[in-house]
Amino acid sequence: MPMERASTSRSSSKRVLTGREAPIHSLGSDILCSVFSLLNHFDLVRCSAVCRSWNKTIYTSSLMRDLYYKMNPLVKKNKLAVPSQSSMKRYLEELAMEQHELALSTGSAQVFQWKAHPIRATLCRMNRGFILTGGDKVLRLWSAQTCKYMDEFHIPTGSSVIDYDFDENKIVGLTESQVCIWRRHGQRGVVQSQKGLFAHGLCMSYADPEVVIGCEDGRARVFDMYSRSCSRIIRLQSGPLSCLTITQDQLIAGGSTFGSVAIADLTSGERLALLKSSFSPTGMKCLSFNAQSYMLFAGSTSGFAHCWDLRTLKPLWEKRVSPNVIYSTHHMFKDKSILGVGGLDGILRILDQSTGEILKSYIVDSRGSQSNTSKPQNQNIEKKQAVSLDEDFRVDVIPRNSRPSITCLAVGMKKVVTTHGGNFVRLWRFS
């Protein structure tokens, strides 16, 4: 009997332990639907990206149909067909983009600031819930949700990184004379290109399996990551290439310090167009391409923001949105409404992609902040408040130390990350 009780006790203990360790994916669809029914549409979109089983539950269950009808009562009243999985996804994406636009253009923002690098942080990228910052001789990975330190990647050549990009599997970085590739998972290591393939690299754009490097001589070198060789050289400009981007249609756009943007075919190397400003030529400092609308955005040294339609190769709008240099423009993937702009004057501006109109301008209120120290990295995170500026504000009356230059920015869902040339990084959360 004692043996049976002991066996039963061990068995019961084992069952309890197994229950506690059971993964969330072991929950049935009914329980998941009950949990998901407590969320709004915006959170459901985020949950649908976690895994295939959650995606299927959200988009194919009656839960989504009921929520769809709740938000669209006319659909149910007219007894239209139940929305298909594809139309439901499209509807939720549009709803999420609408909330994103409203948050950045009409909402308020809290700013989380922390020391990210020993000396300086000049570059930032954001992808799938992660922030990658570049400065000194190291790249550092942070959580976009908690601002906590996650990992770091050292530059093997001992030189500083000039430009980079990353996805869920790897990081591709550019130094002055080499391309470096880091694995994010599994066996750690770095792959370096041979020296002598190019000299004085100034910018890059990455579209697997190729990296296009913009160089001081006005040429773009196309580097194949698998063969680790330069597959072709394309002459884009007569002057240095200051910014570069690749489109989904295999086009290269390269901006020059002379004030023009050259468009070329990545496959053939043929130059198709040379886009220029209608105003006096000024150097182009940054480029960003919207694959959904085929709009190409640029920021210049004179504070102008430019927009061209790459289907017609014609300008859509040009507006001077800043009195000084624009260092960075960026928008979230699939978003056709909001464009983030930052530069020398330190003002974070939110523009309408269709018109170039300034929807909102922000700086950080430096008068008060709250600090929170996290372990084990002893990372001190300061919490500040963003201040919205009036349309007729004068930049010169705002103290310079209250608006450090924005050297780079990246836009995510209801948030923007910025670097300022100092050792700190800021994450702006909008609501």
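Predicted model: local features only at pLDDT ≥ 70, side-chain atom pairs only at ≥ 80, totals over all residues.

Reader: What holds strands of a sheet together, and in which directions can they pair?

Author: Strands of a sheet pair through backbone hydrogen bonds, and the pairing is either parallel or antiparallel. Here, strand β15 (residues 251-256) is joined to β16 by five bridges, and the two run antiparallel. L251 stands opposite D265 in β16. Strand β16 (residues 260-265) also pairs with β17, again in the antiparallel sense and over five bridges. S260 has K276 of β17 opposite, and A262 has L274 of β17 as its bridge partner.

Reader: How many residues lie between the strands in the hairpin of β15 and β16, and which residue takes a positive phi there?

Author: That hairpin has three residues between the strands, and G259 takes a positive phi near 105 degrees. The hairpin of β16 and β17 has five residues between the strands; there G269 takes a positive phi near 85 degrees.

Reader: Is β16 mostly covered or mostly open?

Author: Mostly covered: five of the six residues of β16 are buried.

Reader: How do I read burial in a helix? Which residues of helix α2 are buried?

Author: Look at where the buried residues point around the axis. In helix α2 (residues 29-36) they are L32, C33 and F36. These residues lie on the same side of α2, because they cover an arc of only 100 degrees around the axis.

Reader: Now a single residue. Is T133 buried or exposed?

Author: T133 lies in strand β3 (residues 130-135). Its relative accessibility is 0%, so T133 counts as buried, the cut-off being under 20%. The side chain of T133 makes two kinds of entry in our reading, polar contacts and a list of touching residues. A polar contact of 2.8 Å joins it to the side chain of H117, and another, of 3.0 Å, joins the side chains of T133 and W142.

Author: Side chains of opposite charge can pair when their charged atoms come close. A search of the whole structure finds twelve salt bridges. In one of them, the side chains of D163 and R125 meet at 2.6 Å, N to O. D163 lies in strand β6 (residues 163-166) and R125 in strand β2 (residues 123-127), so this pair ties together parts that are 38 residues apart in sequence. D163 counts as buried, because its relative accessibility is 10%.

Reader: Which residues are linked in a network of salt bridges?

Author: The network links D167, K170 and D208. Between D167 and K170, the closest N and O atoms are 3.7 Å apart. D167 is buried, with a relative accessible area of 15%, and K170 is buried as well, at 14%.

Reader: Are D396 and R394 buried or exposed?

Author: Both D396 and R394 are exposed. They form a salt bridge in which the closest N and O atoms are 2.6 Å apart.

Key: Residues numbered from 1 in each chain as written. Heavy atoms only, no water. Pairing = 2+ DSSP bridges. Helix = DSSP H or I, 4+ residues; strand = E, 2+ residues; numbered from the N terminus. Buried < 20%, exposed > 50% of the residue type's maximum accessible area, 1.4 Å probe, protein only. Polar contact = N/O pair within 3.5 Å; in protein donor to acceptor, adjacent residues only side chain to side chain. Arc of directions from axis to C-beta. Salt bridge = Lys/Arg side-chain N within 4 Å of Asp/Glu carboxyl O.
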